[in-house]
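Please keep the sequence and the coordinates at hand while reading.

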Amino acid sequence: MSELDRALDKITPRLLDSLDYGEEYKLTPLFTLYHYESDDFIVVNLDDGENWEELLVVMYDDRSVDYEIVDNYLYNKYA
């Protein structure tokens with residue numbers, strides 16, 4: 001299982017509901033969940049200390065979580 005898979009396994013509708021605007025939640029040493037300050041967008045970012053790159057947009061409802069790939073290169077590299 002990749003580190004990205006481990007990060008995505010931690011994301012639940014309950015966690016997403018709990019994020020405030022502008023809040024970051026560290027999923028693994030490489031990936032951070034971020035809720036934009038002025039939008040309802042929540043993203044998974046590559047966050048390795050040098051880079052802060054959007055990887056996935058998170059979409060969810062009460063029962064499920066889904067993802068839209070933002071950066072195919074990074075997704076394929078870490079998946």
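Leaving out residues up to four places away in sequence, T32 touches E24, Y25, K26, L27, V43, V44, N45, D47 and W52, where a contact means heavy atoms within 4.5 Å. The model is predicted, so that local features need pLDDT of at least 70 and side-chain atom pairs count only at pLDDT 80 or more, whereas totals for chains, interfaces and linings use all residues. Residues are numbered from 1 along each chain as its sequence is written, and side-chain values use heavy atoms, with hydrogens and water left out.

- T32 belongs to strand 2, which covers residues 31-35; helices (H or I, at least four residues) and strands (E, at least two) are DSSP runs numbered from the N terminus.
- With a relative accessible area of 1%, T32 is buried, a class that means under 20% relative accessible area, as against exposed at over 50% and partly exposed in between, computed with a 1.4 Å probe on protein chains only.
- The side chains of T32 and K26 form a polar contact at 3.5 Å, the term standing for a pair of N or O atoms within 3.5 Å, of which, within protein, one must be able to donate a hydrogen and the other to accept it, while residues adjacent in sequence count only if both atoms are side-chain atoms.

**H35, also in strand 2**

- H35 lies in strand 2 and counts as buried because its relative accessibility is 6%.
- The side chain of H35 reaches two backbone oxygens, that of L19 at 3.3 Å and that of D20 at 3.4 Å.
- Not counting residues up to four places away in sequence, H35 touches L19, D20, Y21, G22, E23, D40, F41 and I42.

- D47 is placed in strand 3, residues 42-47, and its relative accessibility of 16% puts D47 in the buried class.
- Beyond residues up to four places away in sequence, D47 touches K26, P29, L30, T32 and W52.
- D47 and E23 are 24 residues apart along the chain, and their C-alpha atoms are separated by 14 Å.
- L27 sits in the loop between strand 1 (24-26) and strand 2, and L27 counts as buried at 2% relative accessibility.
- Apart from neighbours within four places in sequence, L27 is in contact with A7, K10, I11, L15, T32, L33 and V44.

**The chain as a whole**

- The protein has three helices and five strands, and from the N terminus on its elements follow the order α-α-β-β-β-β-β-α.
- The radius of gyration of the protein is 12 Å, which agrees with the value near 12 Å for a compact globule of 79 residues; the radius is taken over C-alpha atoms, and the globule rule is 2.2 Å times the number of residues to the power 0.38.
- The C-alpha trace spans about 30 × 25 × 20 Å along its principal axes.
- Of the 79 residues, 35% count as buried, and among contacts between residues at least 6 apart in sequence, 26% join residues at least 24 apart.

- The protein exposes about 5,100 Å², of which carbon and sulfur atoms supply 43%, with accessible areas taken from the Shrake-Rupley method with a 1.4 Å probe and, for residues, only the protein chains shown counting as cover.
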